[in-house]
Each structure stands twice: as C-alpha cells, then as structure tokens.
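Dear colleague,

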Amino acid sequence: METFLIKAVQLILSLSILVVIHEFGHFIFARIFKVRVEKFYLFFDPWFSLFRFRPKNSETEYGIGWLPLGGYCKISGMIDESMDKEQMAQPPQPHEFRSKPAGQRLLIMTAGVIFNFLLALFIYSMVLLYWGETYIPLKNVTCGMEYSTTFKNIGFQDGDILLKADTATLERFDENCLRKVVNAATVTVLRDGQEVVIGIPGDMMQRLLRDKEGFAYYRFPMIISDVQSQSAIEAGLKKDDRITGVNGVSAVTSSDVVNELKANREQTVQIDIVRDGRSLSVSAPVDSLGRLGILVYNNPKSIYETVTVKYSFFASFPAGIKLGISTLKGYVNDMKYVFTKEGAKSVGGFGAIGNLFPAAWDWRMFWERTAFLSIILAFMNILPIPALDGGHVMFLLYEVVTRRKPGDKFLEYAQIAGMIILFSLLIFANGNDLFRFFSR
C-alpha cells in the first residue's frame with residue numbers, strides 16, 4: 001500500500017506540473033494576442049470544483065477540479081472540450097479566438113506542445129547540472145550480461161559482453177542500447193575472449209513485446225556488504241569478501257552463488273572466497289531458504305568502475321537539449337511498434353505510467369521521469385487527432401493553405417469524434433493495465 005501511495009503521489013505531482021505548464025503555454029500566447037481566457041483549471045471540474053477564484057478585474061477564473069485526468073484552458077470563441085455551443089452561436093467578438101488571424105491561432109494552439117518540450121529540455125539540463133551523469137561503460141562489465149530467453153533463443157549467452165550493433169560501438173546499457181540492438185542486422189559480443197557476431201531477426205522488438213521478458217541485465221560477482229547472522233560471523237565471512245565457489249563448484253556471478261546455495265539448503269557448505277587478493281575457503285551453514293545470513297552489493301555501480309561526467313551551468317544546456325532530442329527520437333521510433341499486435345497489448349494507462357516512478361522517493365528519478373512524460377505529452381498532443389492540439393493545428397494549416405476556414409458545425413462534429421477516439425484509447429490503455437494486474 002505504501003509503495004502504491006508513493007508512486008501515486010509522484011504521478012499526480014508530475015502530471016500536475018506538466019498540465020499547468022502545457023496550459024500556461026496556451027494561456028500566455030492567448031493573452032499576448034489579446035484573446036480572452038475564461039478559465040484556467042488544473043484537473044477537470046464537471047458539476048463542481050474543489051477550489052476556484054477570480055482575481056479582481058480579471059476575465060479569467062482559476063481553479064482546481066476534482067477529476068485528476070489533466071486540466072484545461074478555456075479560450076473564448078474556440079470549439080474545445082467544453083462544447084460551448086451557446087457562445088459559438090453568437091456573432092464573433094474581437095476578443096475571441098475565432099476572430100484572430102490564422103497565424104496567431106496557430107501559435108496559440110502549438111504553444112502548449114512547445115512549452116512541454118522546452119520544459120523537458122530544461123529539466124534534463126538541470127538534472128545534468130545538479131547530479132551529473134554516471135554510467136558503467138559496457139567494456140567494464142567484466143562478467144557480461146544475463147540475457148532473457150528471448151535473446152538466448154537467437155544466440156546470446158549469459159556472460160556475453162556487448163561490443164557493437166552493426167558498426168556502432170555500444171558504450172552504455174540504456175534504452176538507446178536496446179534500440180540499437182533490436183534495429184541492427186548483427187550484434188558483436190565478446191565471449192570467452194573471442195568476438196562473436198549474432199544475427200538479429202527483423203521482428204526482434206515484436207518478439208520482445210510478445211515474450212515480456214526484457215532484454216538483459218548486468219551479471220556481477222557476489223560481494224558481501226554486511227555479515228548479519230552469528231553463524232556467518234563464526235564461519236569467518238567478512239565484508240567485501242567475494243564469493244567465487246560453493247562446494248567446489250565455480251560461482252562466477254551472484255546468480256551462480258544463489259543457485260548453488262539453494263541446492264544445498266540446511267547443509268554446511270564450503271565457501272570459496274577472495275579477500276584482499278588472496279583465495280580462502282571457509283565452512284558455513286545454509287538455512288532452509290538457501291541463505292548464508294549476509295547482505296551483498298546488488299547495485300552494479302557499487303561493483304564495476306563507473307564514469308562520471310560533470311557539467312557546468314553553460315555546458316548543461318546543450319547536453320540537456322541533446323538528451324531531450326535523443327529521447328524524443330527514440331520515443332517516435334518506438335511508436336511504430338504500437339501498431340503491431342504485440343505493441344497494442346503493451347500499451348498502458350495510468351497504472352503503467354505510475355510504474356515508471358520508483359517505489360522509494362528519488363528526486364533525480366522523479367525529474368527524469370517528469371521530463372520523459374513531458375516529451376510524451378508534447379508528442380501525443382501534436383498528433384492530428386481532433387480534440388487534441390494537433391487536430392486544431394491540422395485544421396488551421398488547412399485554412400492557411402486553402403484560405404478557407406472549416407465551418408463551426410464541421411469543427412463541432414470533429415471535436416466530438418476526437419473525444420470519442422480519445423476516450424476509447426483511454427479505456428483500452430487502462431483496460432490493458434487491469435488485464436495485466438489480474439493475470440499476474
């Protein structure tokens with residue numbers, strides 16, 4: 001329950017920031033072009049609102065709704081989700097959206113998307129400025145990776161060290177690494193000191209989405225971080241000991257050790273260790289759960305040598321812009337898989353988005369996830385679907401090119417159709433979440 005609440009609070013806070021910035025983009029450009037903004041709301045307020053106020057001499061009502069599915073900026077004289085037919089039936093007024101030139105209306109409609117993308121670039125820049133960038137070069141992962149069954153089926157083996165995707169060097173293990181691997185014709189790995197080339201099928205991403213097993217994770221040796229049980233202390237195990245074998249069976253990685261210990265439950269076993277460069281052997285009892293009574297380092301960054309890049313204030317901005325553009329390109333590239341059978345099943349709603357956030361509060365991850373969601377929000381909103389900003393932009397571009405304005409009745413029907421599409425997608429995505437939850 002605590003984990004759920006922490007993720008829920010992060011999700012609501014993140015989306016609130018993104019919605020306010022997005023709607024503020026529309027608001028500020030509307031005011032620049034002297035268009036009246038009637039309402040500025042965080043969350044939706046059907047029937048009633050949690051809070052609202054109108055500053056003295058202001059034309060805008062500000063408030064917080066009770067339905068946390070977004071927010072809105074109600075611009076006078078515009079066909080939007082409010083479906084204010086009564087206003088649209090009246091003659092156009094100088095302060096209304098529909099009375100302004102197409103170029104001004106276009107800027108008002110694209111401002112929300114622009115502000116979201118700029119926010120993502122700013123957040124990425126500030127994250128790099130404050131925390132820097134720390135990663136493990138793949139060449140330093142001496143134990144290689146543990147691969148999912150999906151990748152083992154095409155020739156990968158546990159312990160393979162990733163080197164190249166086609167001719168591109170694989171420097172670090174992240175989302176871009178996965179994209180390079182699945183989109184490559186071949187991947188080169190280092191196996192037992194020899195380079196091995198593995199062919200990648202053209203439908204690799206679809207297989208990954210179908211099997212839901214992921215790609216890979218770091219293999220690393222079992223190194224003791226703390227000795228807890230009295231029996232482990234009496235056996236002579238110490239902090240920073242690296243376990244290399246159990247009962248004479250070589251155990252290169254933490255997973256190897258775990259498997260051997262589970263195979264010897266409630267027995268006393270011989271533990272081979274390396275301490276200060278010396279090889280030793282001790283006898284230690286294994287409990288009924290296959291444990292020695294020790295804690296181990298389970299963060300690869302605690303085991304493998306990392307590289308840390310620090311950024312000055314001025315250097316952080318080009319680095320943040322580069323990261324934001326790379327993230328957008330990767331997301332746009334991944335969108336093509338949504339239109340496959342496997343991709344459609346992987347689409348998620350609020351549950352999937354909430355699971356992007358960690359179970360324990362981490363400010364760096366919170367801001368990184370918020371920047372990522374800001375990019376997603378910007379991209380999704382610019383899609384040419386009526387009821388989204390992109391739908392309005394599509395009709396405005398049509399007006400600019402043809403010099404003919406679509407009729408209000410047509411725009412009204414398009415808005416209704418767009419809202420039906422969006423609600424259908426919302427139900428489908430959250431239905432996927434529920435299906436995955438109950439089928440676990």
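Asp211 has a relative accessibility of 28% and therefore counts as partly exposed, a term that covers values between buried (under 20% relative accessible area) and exposed (over 50%), computed with a 1.4 Å probe on protein chains only. This is a predicted model, in which local features need pLDDT of at least 70 and side-chain atom pairs count only at pLDDT 80 or more, while totals for chains, interfaces and linings use all residues. Residues are numbered from 1 along each chain as its sequence is written, and side-chain values use heavy atoms, with hydrogens and water left out.

Asp211 forms a salt bridge (a side-chain nitrogen of Lys or Arg within 4 Å of a carboxyl oxygen of Asp or Glu) with Arg210, and their closest N and O atoms are 2.9 Å apart. Arg210 is also partly exposed, at 48%.

By this rule the model has 17 salt bridges, and one of them joins Glu59 to Arg36, with 3.5 Å between the closest N and O atoms. This pair links distant parts of the chain, since Glu59 lies in the loop between strand E1 (37-53) and strand E2 (61-75), whereas Arg36 lies in the loop between helix H1 (2-32) and E1, 23 residues apart; helices (H or I, at least four residues) and strands (E, at least two) are DSSP runs, numbered from the N terminus.

Glu133 forms a salt bridge with Arg172, the closest N and O atoms being 2.6 Å apart. Glu133 counts as buried at 19% relative accessibility, whereas Arg172 is partly exposed at 22%.

Best wishes
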